Every structure is written in structure tokens, then in C-alpha cells.
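Please open the model in a viewer and follow the selections below in order. Each stop names what to select and then describes what is found there.

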Amino acid sequence: MNLLSWLHLPIFLFLVSLLWRTVGREPGMKSVFWAALLLKLSCGVALGWLYQHYLNIGPNWHQMGDTWSYHAEALKVVAAAKENPVWYLKFLWQNDVSQVKLLWKVYSNSFFFLKPLSGLYLLTGNSYWGSGLYLSLFSFWGSWFLVGQLRTYFPAYGLAAAVAFLFFPSTVFWASGVLKDALFMGSLCLTIGLFLKLFKTESSAESGKYILLLLPCVWLLWRIKFFLAAVLVVLLGAFVLTKWLAERVEGLRSRHRQVLVWLGLLGGGAFKASFAHPTFNLGFFARHILWNYRNILEKTDLAKPHLSFPDLQPTLGSVLLHAPEAVGQMLSRPFLWEVGPLSYQAMGLENLLLFLLVLLCLINRIKERKLPPLPSFLAVLLVFFCVAGVLVTLPTPNLGSLHRYRAPLLPFFLTVIIAWGPLPAWGRKLANHWG
């Protein structure tokens, strides 16, 4: 580690201070802010260490998992950039790879990830650990921002959102460090938080401001995982448009009619998009899901626990038929008793925790004999969770990869499950006891 690896620290500390001054000083949340930030940054370091010492299959960077592959490729880009800065600008803006041979194609999200990552490597003196701190901070910023918006507009779900987004183990761990998932988590939460502010505002000027802020967030989300970005933007865009229409059309004031309008906008948008680009054709999605499933299954160690969908066909009907099973398996596999490496046992423990949270929620609802009111915005996020869950589960038979892919999606499910369970009441009693 050289001197340049430390010179960036004042910049990092300034960003932390800026984040604290702008969004961190919420009443009663000071200790939560610092505890969650420390946990997030620690996970970014732990992720690299774990891959380097326990999850690697060889001595080379590329044999130590995705995170160290990104490190190796970023070093190539930075070395070429120092020799030819003009080429580096072309690399950033025109996808020029004439000066370096990379693992990934220029249209892939891994190739795009090298652009911000190489910038961080230039800032931190090629430091993997320093770059991971910035990516973890960005992920934390997005999560904290969204939790703040949920606490503001839906106070009954505030505590649950804080637990789900800031402290749930796999969500914090896999959305930190030198991984695309850190950028995905940050941009995902910022996008949703801004959509929520757009939905709640009554001012045209503020609406314009939030739309402008949404553009870079949606663009980044799109570049990292375009298919999930498309689902989210369509769901929330149609939702906000439905609200706009309901405010101007007297006959759309009832909730049931708004749901019908929302569904109609979704259907019309999907139909129109299928003609705009073949990627958005539902048939293409179904075929691509099966192709990915078979391709990854061939590379999966079948001696380890894995997902199997032997009857999956390249049709929309087959995907819909397998959808409930896909979401169920995403939430429950691997089971604690399934034989597998130590990492699978850790996944099984978290799945057991998830099962207990769901069980507590069910017992609490049966005991109270009613369901709490679910804000329509959170209901749309639950729809996003289910659709995204199907899209990441069906093509991913490898449970290790699936556990990582589901991590940024889990908080949307957990926020409702925890809020409907007894944990918020227990938390209030504990706070009053120590208050």
C-alpha cells in the first residue's frame, strides 16, 4: 500500500461529513446513522477479505471471485489511462478498448462498472480497499435516503425499513465493497426515494426538480441492471401517472378505479414497449430466462444444493406458472439442513431468521385478526419485489449467486413483514424502558 492509497482519506471523510450534515441528523437517529454506516463500511472490507482468503479457487485475482476480477481489470484500465489520458477519455465516453484487453464485452454491465471503478482507483492510488469504501458509502447513502423518506411519509413502517435496509445481514454485506451490487443498491434506493417524493409533492416546481434528479439515478440503475430498472420505472412511473390523472379526472378518485387505471397503463406500456425494442418483448424475456437457466446450470456444481426447474419452457405462460415457486425458493433456499460448504450454512441461518420473521408476522396478524393498512406505494414495491424475484431466480440455479442477487430486493419484502409483526411494538417498549 503506497502513500497515494491514503491521500484520498480527507475526501472520503468530507463526503461522510457532508452526508451526515445533509441527511443524517434526523431526530433520534444519530446512533442509528453511525452504527449503520460503520457496519456498511466494515462489510465492504470483510467482503474483499472473505473472497481473498476463503472463497477463492486459486492464487490469481480472477480466481478469487467477481470482486477481485474487477480489481484486476481496473488495474489494466488505470495503467493504460496513465500512459494515455486521451485514450481514457475515449474509454469513458466512447467505449474505446484499443489500449487494453478486457474480460467483458463493451455492452455488458460489468464493462460499464469498470468506468466508475477505474475513476476510484485513480483517486485512491489503485487501492481496492479504498475504492470499496466509496462504493459502500454510495450504497449506504441510497439506503439511508430511502429509509428517511419511508419514515417521513409512512411512520408506521419506519423502524421496519431501518432494520431491513440498514441492518439485515445479506442486504448490508452483498451491497457493499467492490461489486456492481453496491452501485445497484445505491441507485435503486435513490430512484425509489425520489419517486416517493415526486408522488407526494403538490408543487409543479418541486416535481420538475425531482424528475431532473431522477434522470441520473435511473440512468445508473439502467446501466447496472437494465431489466430490473425497466420493471421498477414502469411500475412506479405508471403509479405516479395514475395519481396525476386521478387529481384531474373526477371519476378516478376511488382506489379501485385507480388500480384499474394503473393496470391499464402497465398493459399499454408493455404492449408499446414490445414494439419499440425486441429486448422488452415478453417472449424475448421468457426465452432469455430459459437460456440463462440452462447456461448457468451447466456451470453449476450439481453436488451442491441448487435450484431445479426441469419443466421451465421459453414461454410467458411457463414463466408465470413457475413464478410462485421461484419467489418461494428465493426466500427459503438453501435450507439449514442441506449439505453444502460453510457459506451455504450461513445462508441457511439467514433463511431460518427470515422464516422466523414471517412466522412472527403471521402469528401477530392472526392474534389481532386484521391487516394493517398498506400504503399503495409500498404495495407497488411489493409487486416489484415479486416480479424482480422471478426474474433473478428462474435464470439462477446457483444458490450462492442467487443469495447475492436477492440481497438488494429483500428489504422491500422485509419492511412489510417486520412492520406487520411484533418487533415494532417490542422496540417501542424497549425504548420506553430505557428512555
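A residue counts as buried when its relative accessible area is under 20%. The model on display is a predicted one. Begin by selecting W174: at 11% relative accessibility, W174 falls under that cut-off and is therefore buried. Y51 and W174 form an edge-to-face aromatic pair, with 6.2 Å from centre to centre and 70° between the planes. This pair joins distant parts of the chain, since Y51 lies in helix α3 (residues 30-53) and W174 in helix α9 (residues 169-174), 123 residues apart.

Next, select F12 and Y134, one of the 30 aromatic pairs in the structure. Their ring centres are 5.3 Å apart and their planes stand at 80°, so the pair is edge-to-face. F12 belongs to helix α2 (residues 9-24) and Y134 to helix α7 (residues 128-153). Both residues are buried. For a cluster linked by ring pairs, select W20, F33, W34, F140 and W144.

Proceed to the largest nonpolar core, which has 131 residues. Helix α10 (residues 180-200) contributes the most to this core, with 13 residues. Among the residues with the most contacts inside the core is F377; its contacts include I192, F195, L196 and F199.

Finally, select helix α4 (residues 66-83) and helix α5 (residues 85-94), whose axes come within 5 Å and cross at roughly 130°. The arrangement of α4 relative to α5 is therefore oblique. On α4 the contact is made by V77, A80, A81, K82 and E83, and on α5 by P85, W87, Y88 and F91. By class, this contact has seven nonpolar, two charged and no polar residues.

How values were computed:
Residues numbered from 1 in each chain as written. Predicted model: local features only at pLDDT ≥ 70, side-chain atom pairs only at ≥ 80, totals over all residues. Heavy atoms only, no water. Core = buried A, V, L, I, M, F, W, Y, C linked by side-chain atoms within 4.5 Å. Buried < 20%, exposed > 50% of the residue type's maximum accessible area, 1.4 Å probe, protein only. Helix = DSSP H or I, 4+ residues; strand = E, 2+ residues; numbered from the N terminus. Contact = heavy atoms within 4.5 Å. Axes fitted to C-alpha atoms, helices over the stretch in contact; angles between N-to-C directions. Parallel < 35°, antiparallel > 145°, perpendicular 65-115°, else oblique. Nonpolar A, V, L, I, M, F, W, Y, C, P; charged D, E, K, R; others polar. Phe/Tyr/Trp six-rings, centres within 6.5 Å; stacked < 30°, edge-to-face > 60°. Lists of a residue's contacts leave out its neighbours within four places in sequence.
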